[in-house]
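Let's take a friendly walk through this model together. We will start with a sheet and then turn to charged side chains.

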Amino acid sequence: MTPLVSYRLDQAIATITLDDGKVNALSPTMQAQIGGALDQAEADRATAVVLSGRTGVWSAGFDLAVLRSGGPAALGMVRGGFVLAERLLAFPRPVVVACTGHAVAMGLFLVLSADYRIGAAGSFRLTANEVAIGMTMPRAAIEITRQRLAPAHVHRALVLAEVYAPDDAVAAGILDRVVPVAELADAARSAAARLAQLDAGAHAATKLRVRDATLQALRAALDGDDLELRPRS
């Protein structure tokens, strides 16, 4: 299997970097490798996780070639992306996203599933573009966005497919901070080190308590999306 994800453990902080050499499409292979890296972080008892992308691109969302092919592969990829988001929302250790550039569609929803999000300054697009390209927004995406953004920005981001620049994304609640590109890796690691000092048990339990309604709604949304998208026999 071609490595699309790298894993590094340094002083108990796990750094998972997505890099397919292109736009970090969230193909089934990419999803599986991210999941494997998260498994490794748990096995290593990492105190925090940093998720990063390649320079200029965090992720452009699902692999369009798989999506356009339809059938079980496309359905599995879509469900897998939102199951991965669910895992991040419930992950027992703090998760910091270093948003290295463009974050589109499922790429954006993974950003919204982390605990803390730091973006690179620049001419980058953060957008849920489904409506703009003729797709009805998945129910699961709505639940992920709803748990993070204020109602006005949920509407703007999902219904109007608004494109946010990094600074505007902070105002909307998509990102927590924006730093120069050269400072992003250090800023993300510093944030992870700070969050790693939280009591691990209290952090994990409180995260689940705060996000309980979201996680329940997300699981129901996944089932609803499956029923809608699965071909009728």
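Predicted model: local features only at pLDDT ≥ 70, side-chain atom pairs only at ≥ 80, totals over all residues.

In which sense do β4 and strand β6 pair, and over how many bridges? They pair in the parallel sense, over 3 bridges, with β6 covering residues 101–104. A word on terms: two strands pair if DSSP finds at least two bridges between them, while helices (H or I, at least four residues) and strands (E, at least two) are DSSP runs, numbered from the N terminus. In general, strands of a sheet pair through backbone hydrogen bonds, either parallel or antiparallel.

Residues are numbered from 1 along each chain as its sequence is written, and side-chain values use heavy atoms, with hydrogens and water left out.

Now step back to the sheet as a whole. It is an open sheet of 4 strands in the order β4-β6-β8-β9, with mixed pairing. β4 (56–59) and β9 (163–164) stand at the edges; each has a single partner strand, so one side of each is left without a neighbour in the sheet.

Next come the charged side chains. Side chains of opposite charge can pair when their charged atoms come close. Here a salt bridge is a side-chain nitrogen of Lys or Arg within 4 Å of a carboxyl oxygen of Asp or Glu, and the whole structure holds 15 salt bridges.

One of them joins E86 and R219, whose closest N and O atoms are 2.5 Å apart. E86 sits in helix α3 (residues 71–90) and R219 in helix α10 (residues 212–229), so this pair ties together parts 133 residues apart in sequence. For accessibility, buried means under 20% relative accessible area, exposed over 50%, and partly exposed in between (1.4 Å probe, protein chains only). E86 is buried because its relative accessible area is 14%, whereas R219, at 39%, is partly exposed.

Another salt bridge runs between D10 and R189, with the closest N and O atoms 3.5 Å apart. It links distant parts of the chain, D10 being in strand β1 (residues 5–10) and R189 in helix α8 (residues 184–195), 179 residues apart. D10 counts as partly exposed at 30% relative accessibility, and R189 is partly exposed at 23%. R8 joins D10 and R189 in a network of salt bridges.
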